[in-house]
Amino acid sequence: MTAITSIDRQWLIAAIELAQKCPPSTTAFSVGAIVVDREGREISRGYSRETDPHVHAEEAALAKLNMVDGPDLTGATIYSTLEPCSERRSRPRTCAQLIIEAGIPRVVIAWREPSLFVADCQGVELLASNGIEVLEVPDLAAAASAVGMPSGQA
């Protein structure tokens with residue numbers, strides 16, 4: 001496992017700032033996600049409820065990529081303020097599944113999903129069991145959760 005770098009921290013802070021754009025919700029977290037290529041260039045970003053009330057941040061960011069002729073994701077990293085979901089009521093595929101299908105080999109998160117909506121999120125475990133490196137930056141968890149908590153839950 002590689003160590004968290006200052007670049008990782010910068011991208012995750014940018015994702016936390018992006019999460020501030022999320023329309024408020026009492027039933028979902030506010031999350032920001034940024035996809036960065038192997039050279040460290042941003043290739044996509046998204047946030048919760050960006051395009052509809054049910055879209056998740058990782059889903060929004062990945063939907064902007066052309067998976068057929070788009071960027072090479074073999075060395076990419078997705079930075080997400082919250083653990084990618086492993087259960088979903090509103091869509092057929094979870095964010096963890098979307099990341100696996102996209103072929104992104106590295107995920108950096110600020111905090112794990114608490115049991116507010118999902119009793120036992122297994123996003124990190126699902127990603128890791130598919131060979132994806134998952135790094136958590138716990139010292140950014142407070143900043144991410146301060147932005148991310150559903151309205152009325154803070």
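**Strand pairing and aromatic pairs**

User: What stands opposite Val-107 in strand 4?

Analyst: Ile-78 does. Strands are DSSP runs of E, at least two residues, and helices are H or I runs of at least four, both numbered from the N terminus. This is a predicted model: local features need pLDDT of at least 70, side-chain atom pairs count only at pLDDT 80 or more, and totals for chains, interfaces and linings use all residues. Residues are numbered from 1 along each chain as its sequence is written, and side-chain values use heavy atoms, leaving out hydrogens and water.

User: Strand 3 and strand 4: parallel or antiparallel?

Analyst: Parallel, over five bridges. Pairing takes at least two DSSP bridges.

User: And what's the strand order in the sheet?

Analyst: 2-1-3-4-5, an open sheet with mixed pairing. Strand 2 (42-47) and strand 5 (133-136) are the edges, each pairing on one side only.

User: Switching topic. How many aromatic pairs?

Analyst: Two in the whole structure. Rings of Phe, Tyr and Trp (six-membered ring) pair with centres within 6.5 Å; under 30 degrees between planes is stacked, over 60 edge-to-face, the rest tilted.

User: Why is Trp-11 with Tyr-79 called stacked?

Analyst: Their planes are at 25 degrees, so the pair is stacked, with centres 6.5 Å apart. Trp-11 is in helix 1 (6-19) and Tyr-79 in strand 3 (77-82), so the pair ties together parts 68 residues apart in sequence.

User: What about Phe-29 and Trp-111?

Analyst: Centres 5.6 Å apart, planes at 90 degrees, so edge-to-face. Phe-29 sits in the loop between helix 1 and strand 1 (32-36), and Trp-111 in strand 4 (106-111), 82 residues apart. Both Phe-29 and Trp-111 are buried.

How values were computed
Buried < 20%, exposed > 50% of the residue type's maximum accessible area, 1.4 Å probe, protein only.
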